[in-house]
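Keep the viewer open as you read.

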Amino acid sequence: MSVASFLCPHDDSVISPATQHGVGAMYRDFTYAEYYKKFWSRNLDQEHCLELFKN
């Protein structure tokens with residue numbers, strides 16, 4: 001299990017999942033700007049924002 005913790009990183013900061021040997025990542029890398037844009041552009045009744053970054 002991973003826990004991400006950050007407070008307003010720079011827009012070009014890359015957010016990526018932790019890696020494990022032999023296990024593929026569930027989510028792709030993305031920038032904070034991408035996440036911020038998707039988070040605020042979705043309706044609150046839609047899927048969780050991270051689902052938009054699944055591999």
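This is a predicted model, and its protein chain has a mean pLDDT of 82, with 91% of the residues reaching 70 or more. Among the elements of the protein chain, strand β2 (residues 30-31) has the highest confidence, at 94, while helix α1 (residues 32-41) has the lowest, at a mean of 87. A word of caution for your own reading: where pLDDT is low, the predicted coordinates should not be read in detail.

With that in mind, look at the overall layout. The protein chain contains one helix and two strands, and from the N terminus on these elements follow the order β-β-α. Along its principal axes, the C-alpha trace spans about 35 × 25 × 15 Å. The chain has 55 residues, and 13% of them count as buried. If you take the contacts with a separation of 6 or more, 24% of them come from residues 24 or more positions apart.

Leaving aside residues up to four places away in sequence, Phe-53 touches Met-26, Tyr-27, Arg-28, Phe-30, Glu-34, Tyr-35 and Lys-38.

Another partner of Phe-53, Met-26, is worth a visit of its own. You will find Met-26 in the loop between β1 (14-15) and β2. Is Met-26 buried or exposed? Its relative accessibility is 51%, and exposed means over 50%, so Met-26 counts as exposed. Even so, Met-26 touches Phe-53, Lys-54 and Asn-55, again not counting residues up to four places away in sequence. Met-26 and Lys-54 are 28 residues apart in sequence, yet 5.7 Å apart in space from C-alpha to C-alpha.

Finally, let's turn to the empty space. Rolling a probe the size of a water molecule over the atoms shows where such space is left. The largest pocket here has a volume of about 560 Å³. Its lining is made up of 20 residues, and those nearest the centre are Ser-2, Ser-16, Pro-17, Ala-18 and Tyr-27. Sorted by class, the lining of this pocket has 14 nonpolar, five polar and one charged residues.

Note on methods: Residues are numbered from 1 along each chain as its sequence is written. This is a predicted model: local features need pLDDT of at least 70, side-chain atom pairs count only at pLDDT 80 or more; totals for chains, interfaces and linings use all residues. Side-chain values use heavy atoms; hydrogens and water are left out. Contact means heavy atoms within 4.5 Å. On a 1 Å grid over the protein atoms alone, a cavity is a set of points where a 1.4 Å probe fits but cannot get out, and a pocket is an open set with protein on both sides within 12 Å along at least five of seven lines; lining residues have an atom within 4 Å of a point. Grid points are joined across faces, edges and corners, and a volume is the space filled by probe spheres set on the points. Ala, Val, Leu, Ile, Met, Phe, Trp, Tyr, Cys and Pro count as nonpolar, Asp, Glu, Lys and Arg as charged, and the others, Gly among them, as polar. pLDDT is the predictor's confidence in each residue, from 0 to 100. Helices (H or I, at least four residues) and strands (E, at least two) are DSSP runs, numbered from the N terminus. Buried means under 20% relative accessible area, exposed over 50%, partly exposed in between (1.4 Å probe, protein chains only).
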